[in-house]
Amino acid sequence: MNDTNFTVSKIAHEIRNPLTLINSSLQLIQSMHPEVREFQFWSQTLEDVEYLSQLLNDLSTYTDNRRFFMCEVDLREIFLALEQSLQPYLLEQGLNLSVHLPAQLPPVFGNPVKLKQAFLNLLKNAFEASARNDCVSLSARKYLDQIIIRITDNGCGMTPEVLETLFTPFATHKSGGTGLGLAITKKIIEAHYGKIEVSSTPGRGTVFTITLPHI
Ligand code: ADP
Ligand code: MG
């Protein structure tokens, strides 16, 4: 980690402590005085605190450049675990995820936590771009010495202007977005000697293609 990243990480950590206290106090107030939910600015305050916490999470992972532990990773396991943990979110949002995997995939050499984070970022973006009842598809296949992963949505798509700053930190077009998700994802994929490509049509949808070398 260079000095700037180290400082940003430390500051993010220092801000998180009081923020956790504020969040606990708000939760306590809400449970002792349920009528506070009626207060005009209550839910906005909770949302702002949640946003700040998300921003700190993203900031500390963005700057977390330490060389990470690498091992043999079965991407199938990662995708199936993601599919499982996304179920409550999908139910709540009325969205669908279809996962297409071959019976076997050769392993990649990588860090399972970071890879999961990268694919979760891509899936979350796909869902956030989608409308209720839409379906996002996740597929993976082996091609020569690579694994090709595709995340496809039929959501809002992106204009050339949005595409231009897609991987730039803090470039966001969402309320409550941090603009760090894709910057982090790109760093993770490149740290695995992979690449990430995108093709998108406004109003039609988006395809992210990730290529990772396998063992
Ligand atoms: P955030 O999600 O916090 O805004 P990201 O780095 O994950 O930050 O994404 C940056 C921007 O790229 C988003 O605000 C959105 O405008 C656009 N984007 C990313 N993925 C998609 C997608 N699948 N469909 C449409 N727009 C997308
Ligand atoms: Mg995002």
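**Conventions**

I worked from a predicted model in which local features need pLDDT of at least 70 and side-chain atom pairs count only at pLDDT 80 or more, while totals for chains, interfaces and linings use all residues. Residues are numbered from 1 along each chain as its sequence is written, chains are lettered from A and ligands numbered from 1 in the order in which they are written, and side-chain values use heavy atoms, with hydrogens and water left out.

I took helices (H or I, at least four residues) and strands (E, at least two) as DSSP runs numbered from the N terminus. For helix length I used the expected span, which is 1.5 Å times one less than the number of residues.

I looked up α1 to begin with. Its 30 residues should span 44 Å at 1.5 Å a residue, and the end C-alpha atoms are 44 Å apart, so the two values agree. I then checked α2, residues 42–62. Its 21 residues reach 30 Å from the first C-alpha to the last, close to the 30 Å expected.

Next I listed burial, where buried means under 20% relative accessible area, exposed over 50%, and partly exposed in between (1.4 Å probe, protein chains only). In α1 the buried residues are N5, S9, A12, L19, L26 and Q30. In α2 they are W42, V49, L55, L56, D58 and S60. I also looked up what covers them. The cover over the buried residues of α1 includes α2. For the buried residues of α2, the cover includes α1 (3–32) and α6 (181–191).

**Y51 and T178**

Y51 sits in helix α2 and counts as partly exposed because its relative accessible area is 31%. Leaving out residues up to four places away in sequence, Y51 touches G176, G177 and T178; contact here means heavy atoms within 4.5 Å. Y51 and T178 are 127 residues apart in sequence, and their C-alpha atoms are 8.3 Å apart in space.

I then turned to T178, which is in the loop between α5 (160–164) and α6. T178 has a relative accessible area of 8%, so it is buried. With the sequence neighbours up to four places away left out, T178 touches Y51, Q54, L55, D58, F170 and T172.

For polar contacts I used pairs of N or O atoms within 3.5 Å; within protein, one must be able to donate a hydrogen and the other to accept it, and residues adjacent in sequence count only if both atoms are side-chain atoms. The side chains of T178 and D58 are joined by a polar contact of 2.6 Å. A polar atom of the T178 side chain also lies 3.2 Å from the backbone nitrogen of L180.

**Ligand 1**

I counted a residue as near the ligand if one of its heavy atoms lies within 4 Å of it. Ligand 1 is surrounded by 21 residues, of which the closest are N125, T172, K174, T178 and L182.

A nitrogen atom of ligand 1 is 2.9 Å from an N or O atom in the D153 side chain. An oxygen atom of the ligand is 2.9 Å from a polar backbone atom of G179, and an oxygen atom is 2.8 Å from a polar backbone atom of L182. On its own, ligand 1 has 530 Å² of accessible area, and the protein covers 93% of this. Accessible areas come from the Shrake-Rupley method with a 1.4 Å probe; for residues, only the protein chains shown count as cover.

**Other residues in the α5–α6 loop**

F170 is in the loop between α5 and α6. F170 has a positive phi of about 75 degrees although it is not a glycine, and at a relative accessible area of 49% it is partly exposed. S175 is also found in the loop between α5 and α6. I have S175 as exposed because its relative accessibility is 77%.

**N133**

I looked up N133 in the loop between α4 (112–129) and β4 (135–143). N133 is not a glycine but has a positive phi of about 75 degrees. Its relative accessibility is 63%, so N133 counts as exposed.

Two strands pair if DSSP finds at least two bridges between them. Strands β6 (residues 195–201) and β7 (residues 205–213) run antiparallel and are joined by 7 bridges. I checked one of them: S199 has V207 in β7 as its bridge partner. β6 and β7 form a hairpin with 3 residues between them, and G203 in the turn has a positive phi of about 80 degrees.
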